[in-house]
Amino acid sequence: MKQNYRFADVIISAEFSGSYIKHQCREYETCLPAVTNIEITPEDIVFEREYAKKTFPDVQNMSDGYLESISFHRNLARELSTYGVIIIHASAVVLDGTAYLYSAPSGVGKSTHARLCRQMFGNRVEIINDDKPFLRRTKEGIFVYGSPWDGKHRLSRNIRAPLGGICLLNRGKDNSIEPVSFKDALPNLISRTYIPSDETQAEKVMEVLCALSDVKIWTLRCNTSPDAALLSLNTMKRS
């Protein structure tokens, strides 16, 4: 049976065969009318399994339900691009109503940094999403939204907040932060954003990324001390 879901304020109709993705998306269910539909076919699952074989050595442990989630994520990213929405690999936190992104390659420590922000600022901080938040370009600016793909720690909220800054994380012995130009930051942002193969959809994604030129971007070299979280959020909040 088809169910409607609200992702980044876009209503999507979808029908899933497995319980994995149904459970994953349960907090995004809505009764509002859908503007578009996504269908995951058996051929999509076969594609994801073959694609994963080239990337993940433990592919034999991936269930059809998990592969259905990956396929829906891929198809959703393509569809949402039409509405000015992208999916970016980052941890997104909200401090006093404003969202901040921490972007880094896997394993650098963005999830650790997000949790340190929560630890240091208490209830003033919420984690919107710890792995793949949505970004939507609107007339009012860029907004960050929660998504069901929230990383191994399952940290996310189905909320939205205006984007106030982006922090590119790098490991360092000491903590230091400095502004970086959009031109220098763009290759990092592109590498951490899903870019559809369709030329028109890819252009829509790039339009959203280019809109980030109005957002202040920082490079943070940090260790895993709480002082790193204080430095990054206090700097971005003051800017």
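Predicted model: local features only at pLDDT ≥ 70, side-chain atom pairs only at ≥ 80, totals over all residues.

Student: Why is helix 2 called roughly perpendicular to helix 3?

Tutor: Helix 2 (residues 42-53) and helix 3 (residues 64-81) pack at an angle of about 95 degrees. Angles of 65 to 115 degrees count as roughly perpendicular. So helix 2 is roughly perpendicular to helix 3. Their axes are 9 Å apart.

Student: Which residues make helix 2 and helix 3 meet?

Tutor: Helix 2 brings Asp44, Ile45, Phe47, Glu48, Arg49 and Tyr51. Helix 3 brings Asp64, Leu67, Glu68, Ile70, Ser71 and Arg74. By class, the contact of helix 2 with helix 3 has 5 nonpolar, 1 polar and 6 charged residues.

Student: What makes helix 4 and helix 7 roughly perpendicular?

Tutor: Their axes cross at roughly 85 degrees and come within 8 Å. The class runs from 65 to 115 degrees. Helix 4 and helix 7 are therefore roughly perpendicular to each other. On the helix 4 side, the contact uses His113, Leu116, Cys117, Gln119, Met120 and Phe121. On the helix 7 side, it uses Pro226, Ala228, Ala229, Leu230, Ser232, Leu233 and Asn234.

Student: How do you know what span to expect for helix 4?

Tutor: Helix 4 (residues 110-121) has 12 residues. The expected span is 1.5 Å times one less than the number of residues. Gly122 follows helix 4, with a positive phi near 60 degrees.

Student: Which residues of helix 4 are buried, and what do they pack against?

Tutor: The buried residues are Lys110, Ser111, His113, Ala114, Leu116, Cys117 and Phe121. They pack against several elements, including strand 6 (91-95), strand 8 (125-129) and helix 7 (226-238).

Student: And helix 6: what is its span, and what caps its N-terminal end?

Tutor: Helix 6 has 13 residues and reaches 18 Å, close to the 18 Å expected. Asp198 is the N-terminal cap: one of its side-chain oxygens lies 3.1 Å from the backbone nitrogen of Thr200. In helix 6, Gln201, Ala202, Val205, Val208, Leu209 and Ala211 are buried. Helix 3, strand 5 (85-87) and helix 5 are among the elements that cover them.

Student: Why is Thr193 called buried?

Tutor: Its relative accessible area is 8%. Buried means under 20%. Thr193 is therefore buried. Thr193 sits in the loop between helix 5 (182-191) and helix 6 (199-211). Setting aside neighbours within four places in sequence, Thr193 is in contact with Ile86, Ile87, Ile88, Val205 and Leu209. A polar atom of the Thr193 side chain lies 2.7 Å from the backbone oxygen of Leu189.

Student: Why does Asn4 count as buried?

Tutor: Asn4 has 18% relative accessibility. The cut-off is under 20%. So Asn4 counts as buried. Asn4 lies in strand 1 (residues 3-7).

Student: Is Ser181 buried, partly exposed or exposed?

Tutor: Ser181 has 35% relative accessibility. Ser181 lies in the loop between strand 12 (176-179) and helix 5. A polar atom of the Ser181 side chain is 3.1 Å from the backbone nitrogen of Asp184.

Student: Why is Ile159 placed in the partly exposed class?

Tutor: Ile159 has a relative accessible area of 24%. The class lies between 20% and 50%. So Ile159 is partly exposed. Ile159 is in the loop between strand 10 and strand 11. Beyond neighbours within four places in sequence, Ile159 is in contact with Glu126, Ile128, Val144, Tyr145 and Gly146.

Methods
Residues numbered from 1 in each chain as written. Heavy atoms only, no water. Axes fitted to C-alpha atoms, helices over the stretch in contact; angles between N-to-C directions. Helix = DSSP H or I, 4+ residues; strand = E, 2+ residues; numbered from the N terminus. Parallel < 35°, antiparallel > 145°, perpendicular 65-115°, else oblique. Contact = heavy atoms within 4.5 Å. Nonpolar A, V, L, I, M, F, W, Y, C, P; charged D, E, K, R; others polar. Buried < 20%, exposed > 50% of the residue type's maximum accessible area, 1.4 Å probe, protein only. Polar contact = N/O pair within 3.5 Å; in protein donor to acceptor, adjacent residues only side chain to side chain.
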